[in-house]
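Hi,

Here is the structure I said I'd pass on. Have a look at it first, and my notes follow below.

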Amino acid sequence: MRHWEADPILMVDRLTMQFGGLIAVNDVSFSVGRGDVTALIGPNGAGKTTAFNCITGFYKPTLGRLALSHGVPATDDELEALTSNGKAAAVTKGGSLFLLERLPDHKVSSAAKVARTFQNIRLFSGMTVLENLMVAQHTRLTRSGLLSPSALINLPSWQRQEKEGMAKALHWLELVDLVDRADDPAGDLPYGDQRRLEIARAMCSDPVLLCLDEPAAGLNPRESAALNSLLLSIRADHGTSVLLIEHDMSVVMEISDHVIVLEYGSKIADGTPKEVRADPAVIAAYLGVDEEAVADVEAEVGL
């Protein structure tokens with residue numbers, strides 16, 4: 001049994017998303033391994049971002065189950081019990097279990113601890129770099145309420161929370177090498193720095209699953225290498241599972257433990273980077289030819 005099957009943090013079961021007569025994602029199932037870097041790839045229009053939007057709460061799937069577990073994986077009985085009782089979350093013997101398709105979008109982030117970045121950078125460009133990281137912690141910092149007495153009269157308990165939030169923000173600024181730009185407007189950063197800041201902001205929410213939508217888009221080779229190092233350190237040092245959409249195959253093949261390939265909304269491959277890279281169906285999808293013609297095309301271009 002593969003690691004992502006034996007110890008999944010996220011189990012996507014028969015995910016379908018339909019917009020009118022268009023089926024953008026069609027009966028797709030896969031698992032994301034706990035502590036793995038998992039890549040979701042495919043040609044343009046394959047349904048990758050739609051699947052991402054379902055997982056992160058921006059869309060409610062037409063059909064399917066999206067089960068995320070904190071701690072050890074839920075058993076089949078625990079999954080079926082939660083599915084049948086109509087609730088969105090449960091406490092199991094191994095931790096907490098969430099059905100993401102039933103959660104409001106803000107609860108996917110705050111309760112299930114799923115964070116994401118976007119293909120188009122969505123920083124608060126007028127705020128400073130540091131303020132962007134503090135804003136990311138608003139849920140924790142406002143658990144007692146920004147307008148609670150502890151905040152209004154600056155009690156020690158509030159000061160402690162604020163100090164912890166600042167320490168976390170500075171920790172991530174150091175990891176993405178932006179300490180010197182902490183007081184600069186985020187919109188003034190170079191593009192590659194903005195990409196790293198967006199990842200740091202997502203990590204300030206302490207996610208168990210970090211979802212990245214084309215994090216290497218627009219990066220030069222040096223910046224892509226730095227991104228690879230950052231993502232591997234997030235996995236190794238923080239135990240965060242990473243699910244990413246990416247077109248840069250140098251990033252995908254270098255850092256991924258597990259690759260899922262979509263084409264026209266359906267899954268056509270699922271395995272290790274080595275297995276997926278050699279799969280004729282994947283080669284055909286990227287070359288734009290029938291699977292039977294792969295050998296002819298490879299011979300023509302000298303592969």
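Helices and strands here are DSSP runs, numbered from the N terminus; a helix takes at least four residues and a strand at least two. Keep in mind that this is a predicted model.

With that numbering, threonine 128 sits in the loop between strand 7 (114-116) and helix 5 (129-135). Threonine 128 has 18% relative accessibility, so it counts as buried, the cut-off being under 20%. Setting aside neighbours within four places in sequence, threonine 128 is in contact with Ala182, Asp183, Asp184, Pro185 and Ala186.

Strand 1 (residues 8-19) and strand 4 (residues 63-71) run antiparallel and are joined by five bridges; aspartate 13 has arginine 65 in strand 4 as its bridge partner.

Finally, a helix pair. Helix 9 (residues 191-203) and helix 10 (residues 221-238) pack at about 10°, with axes 10 Å apart, which means that helix 9 is roughly parallel to helix 10. Their crossing is right-handed. Among the residues that meet there are Ile199 and Met203 from helix 9, and Leu227 and Ile234 from helix 10. By class, this contact has six nonpolar, two polar and two charged residues.

Cheers

Key
Residues are numbered from 1 along each chain as its sequence is written. This is a predicted model: local features need pLDDT of at least 70, side-chain atom pairs count only at pLDDT 80 or more; totals for chains, interfaces and linings use all residues. Side-chain values use heavy atoms; hydrogens and water are left out. Axes are lines fitted to C-alpha atoms, for helices over the stretch in contact, and angles run from 0 to 180 degrees between N-to-C directions. Angles under 35 degrees count as roughly parallel, over 145 as roughly antiparallel, 65 to 115 as roughly perpendicular and the rest as oblique. A crossing is left-handed if the near helix is turned anticlockwise from the far one by less than a right angle, and right-handed if clockwise. Contact means heavy atoms within 4.5 Å. Ala, Val, Leu, Ile, Met, Phe, Trp, Tyr, Cys and Pro count as nonpolar, Asp, Glu, Lys and Arg as charged, and the others, Gly among them, as polar. Buried means under 20% relative accessible area, exposed over 50%, partly exposed in between (1.4 Å probe, protein chains only). Two strands pair if DSSP finds at least two bridges between them.
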